[in-house]
Amino acid sequence: MRQETVGVTENLLKSATEEFLEKGFMKASLRNISAKSGVSTNSIYTRFKDKEGLFSAIVKDTVDGLMAIYLDSTQKATYSPNPSQADQEGEEGMDLVLDYIYQHFIEFKLIFCCSTGSQYEHF
């Protein structure tokens, strides 16, 4: 991907994040996002297919990361040799999950507070 395209995409994702945080997924406007980012709405459709694809581009990697941490920690707890070790694995996993959520606070705010109407609504 050319440097110019990367910059345009980053700016577009930043504008979309602001719009989704302000208005939520359902009320967010691709026209507002395109105007704020300086690209056409057609450019959004070309890059992300639709509003759902744009929202997903912002949060999907973060969701996938959280699920990987969760699955790893539950597997460690499940295969621990004794209940005490399983408890410890569970506590460490919970700490990792909470740390991860705070490290990705904006994405989780979008998921938990602004995703009504999107595929992440019931996450």
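In the predicted model, the side chains of Lys60 and Asp64 form a salt bridge with an N to O distance of 2.6 Å, a salt bridge being a side-chain nitrogen of Lys or Arg within 4 Å of a carboxyl oxygen of Asp or Glu. Both residues belong to helix α4 (residues 51–78), where they are four residues apart, about one turn of the helix. Helices are DSSP runs of H or I with at least four residues, and strands are runs of E with at least two, numbered from the N terminus. Lys60 is partly exposed at 38% relative accessible area, and Asp64 is likewise partly exposed at 37%. In these assignments, buried denotes under 20% relative accessible area, exposed over 50%, and partly exposed the range in between (1.4 Å probe, protein chains only).

Salt bridges that share partners also join Glu19, Lys23 and Lys36 into one network. Glu19 is buried, with 0% relative accessible area, whereas Lys23 is partly exposed at 32% and Lys36 is partly exposed at 43%. In total, the structure holds five salt bridges.

Met67, Tyr70, Leu71, Phe112 and Phe123 make a nonpolar surface patch of about 510 Å². Patches consist of residues with over 30% relative accessible area and no salt bridge, like charges being joined within 9 Å and nonpolar side chains (Val, Leu, Ile, Met, Phe, Trp, Tyr) within 5 Å. Accessible areas derive from the Shrake-Rupley method with a 1.4 Å probe, and for residues only the protein chains shown count as cover. Helix α4 contributes the largest share of the nonpolar patch, three residues. Tyr70 lies in helix α4 and is partly exposed, with a relative accessible area of 44%.

Residues are numbered from 1 along each chain as its sequence is written, and side-chain values use heavy atoms, with hydrogens and water left out. As the model is predicted, local features need pLDDT of at least 70 and side-chain atom pairs count only at pLDDT 80 or more, while totals for chains, interfaces and linings use all residues.
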